[in-house]
Amino acid sequence: MPMLDEKVMTEVKKALNAMRKPVTLRLYTQAFECGYCKETHNLLSELVQANPLLKLETKQFETDKEEAAQDNIDKIPAIAVIGEKDYGIRFYGIPAGYEFSSLLNAILMVSTGIVKLTDETKAFVANLQTPLHLQVFVTPTCPYCPQAVILAHQLAMASDQITADMVEISEFPHLAQKYQVQGVPRTVINEKWSLDGAAPEAMLVAKAKEAL
Amino acid sequence: MLDFNVSLSATAEPDKLWDLIIIGGGPAGLTAGLYASRYKLEVLLLEKAVVSGGQLTSTQWVENYPGFPEPVLGTKLAADMEAQARLFGLRIISETVKSVSLTGIVKEIVTDYATYRAKTVLIATGSSPRRLGLPHEAEFSGRGVSYCATCDGPFYPDKTVAVAGGGNSAFEESLFIAKYAAKIYLIHRRDSFSADPILQERVKAEPKIELITNTQVTALNFDTDTQRSISLINTQSGAESLLEVDGIFIFVGNLPNTTLFEGQVELEQGYIVTDRSYRTSLEGVWAVGDVQAGALRQVATAVGDGAGAAHKINKYIIDKA
């Protein structure tokens, strides 16, 4: 049985009609000790059928070490959403539930180049001199989470200094411990700073400035 | 079983004068959008979240919405309402409204990214969870304090949690949290509950849930890495106690989302005053759903409001033309 039923697939095709340039979903996976690697692979295999501009590239986390290091992949399943270049957009854990919308959004953003950010934010990211790493912790059933994920991914798209990860926390419980995540969404900036809830753009940018 | 939600923000022409802008994409706003789209009005819905559905999306099961003899998932009902409205051409844009100017003939709605203009506006902004008002409550939100069981319930596997409240939400969500947690204390400041009797029966039949009545939470002792606890006071005897819990879920009612409209439309204790035709005190501005004063605040009433208001707005626009 397919993961994406006919109804969802129709919606996906319609949404991805807006794609302009090719997008590669680079999946890091392995055959053992990975909760949702198989499901994520199945999901992406079906998803790329929705539009010819979409391509799946599968890497083995254990053996393709060089690529994994280059893409900064430290846990699996991992998806790097890559367009004309790598914008630093990552998904760790399966993008199911509401996070499927975040994945579609990332694909469209990378494909069209359209980023919806205020002029203030654009000016801030344009002048960024130091790296900024955003990790957005989510659960698939959290309706407020895609907002935080999409915002982080937009910032990554807008600046080469910024990388942004969606992290589906139930698949990485040790990270819930490490970052004391007990509510989602939670955005962790450069390991140290964090913001709870689906914060408005200006609030995230203010927090990011603190982290610099 | 995994499901996959498809919600993407639409785009809109910047200088268009819309027939109707709906603020808020819960059941009331989505139904108004569906009806208005079928009336062939030029209608735009602004929703702050990426996912429409409002409070439905953070509700586990809906059991009292007609047509679903088996309980329906709040998230499914929300996604279906959104899909149905989109089917008839409703454009939903995921942007947060920052300010509104509703007094003129042309209404202006300002978001972070654009200013939208419309002939009429329908306010369907609903309400948000009320806080208990405890010291450090906001600080611990997301670190032991939660207002959304479907979001944060999974963080408490085999743990002990408190739930504050005595209404339908507190009871329904306690039953949901019981799927994860080992022990739930449902704490209510009165000795009786306002939750529907059927929910009370179910909660009483759930061995994981213990009811504590006549008790108020007075402090959150969440700032250590050791055992967390909450401080309680018995409202009858005045006796104080500590209860060891890993977290607390708060369901103590809602507050209307009307800050945007203060000073423009008439409010009553924060809620928008409407007449039987959903009109507010301002011409060309209607309000539906939870945000209205005196509303029942159910999905069933919200969708009725949405349909009714769309009908009145359509008539208004035809009469004005």
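Student: Which residues of helix 1 of chain B meet helix 6 of chain B?
Tutor: In this predicted model, helix 1 of chain B contributes P27(B), A28(B), G29(B), L30(B), T31(B), A32(B), Y35(B) and A36(B). On the side of helix 6 of chain B, they meet V299(B), A302(B), V303(B), D305(B), G306(B), A307(B), A309(B), A310(B), H311(B), I313(B) and N314(B).

Student: And what kinds of residues are those, by class?
Tutor: The contact of these two helices has 13 nonpolar, five polar and one charged residues.

Student: At what angle do the two helices pack, and is the crossing left-handed or right-handed?
Tutor: Helix 1, residues 27–38, and helix 6 of chain B pack at about 35°, and their axes are 7 Å apart. The crossing of helix 1 of chain B with helix 6 of chain B is right-handed.

Student: What about helix 4 and helix 5 of chain B, how do their axes cross?
Tutor: The axes of helix 4 (residues 168–177) and helix 5 (residues 197–205) of chain B come within 10 Å and cross at roughly 35°, and this crossing is left-handed. From helix 4 of chain B the contact takes N168(B), F171(B), E172(B), S174(B) and L175(B), while helix 5 of chain B brings L199(B), Q200(B), R202(B) and V203(B). Sorted by class, that contact of helix 4 with helix 5 of chain B has four nonpolar, three polar and two charged residues.

Student: Switching to chain A, what is the strand order in the open sheet?
Tutor: Eight strands of chain A form that open sheet, in the order 2-1-3-4-6-5-7-8, and their pairing is mixed. Strand 2 (54–60) and strand 8 (193–196) of chain A each have a single partner strand, so they stand at the edges with one side left without a neighbour in the sheet. From one strand to the next, the twist averages 20°.

Student: How many bridges join strand 4 to strand 6 of chain A?
Tutor: There are four bridges between strand 4 (residues 86–92) and strand 6 (residues 162–168) of chain A, and these two strands run parallel. As an example to look up, R90(A) has D165(A) in strand 6 of chain A as its bridge partner.

Student: Which strands does helix 6 of chain A touch?
Tutor: Helix 6 of chain A packs on the sheet and touches strand 4, strand 5 (132–138), strand 6 and strand 7 (186–189) of chain A, with its direction making about 155° with that of strand 6 of chain A.

Student: Okay, cores next: which residues touch the most other members of the largest nonpolar core?
Tutor: That core has 108 residues, and the ones touching the most other members are V136(A), V138(A), V161(B), V163(B) and I248(B). Helix 6 of chain A supplies the largest share of this core, nine residues.

Student: What does I248(B) touch?
Tutor: Leaving aside residues up to four places away in sequence, I248(B) touches G144(B), V145(B), V161(B), A162(B), A164(B), L220(B) and I230(B). There is also a second, separate core of 50 residues, which includes L34(B), Y278(B), V288(B) and A309(B).

Student: Is L103(A) buried or exposed?
Tutor: L103(A) is buried, because 25 other C-beta atoms lie within 10 Å, and the cut-off for buried is 20 or more. L103(A) belongs to helix 4 of chain A, and not counting residues up to four places away in sequence, L103(A) touches F91(A) and P95(A).

Student: How many residues of chain A are in contact with chain B?
Tutor: In chain A, 35 residues are in contact with 27 residues of chain B. Helix 1 (6–16), helix 4 (99–112) and helix 6 (145–158) of chain A each supply at least two residues of the side that touches chain B, and by class that side of chain A has 17 nonpolar, twelve polar and six charged residues.

Note on methods. Residues are numbered from 1 along each chain as its sequence is written. Chains are lettered from A and ligands numbered from 1 in the order in which they are written. This is a predicted model: local features need pLDDT of at least 70, side-chain atom pairs count only at pLDDT 80 or more; totals for chains, interfaces and linings use all residues. Two residues are in contact if their C-beta atoms, placed from the backbone, lie within 7 Å. Ala, Val, Leu, Ile, Met, Phe, Trp, Tyr, Cys and Pro count as nonpolar, Asp, Glu, Lys and Arg as charged, and the others, Gly among them, as polar. Axes are lines fitted to C-alpha atoms, for helices over the stretch in contact, and angles run from 0 to 180 degrees between N-to-C directions. A crossing is left-handed if the near helix is turned anticlockwise from the far one by less than a right angle, and right-handed if clockwise. Two strands pair if DSSP finds at least two bridges between them. A residue is buried if 20 or more other C-beta atoms lie within 10 Å of its own, exposed if 12 or fewer, and partly exposed in between; C-beta atoms are placed from the backbone. A nonpolar core is a set of buried Ala, Val, Leu, Ile, Met, Phe, Trp, Tyr and Cys residues joined through C-beta atoms within 7 Å.
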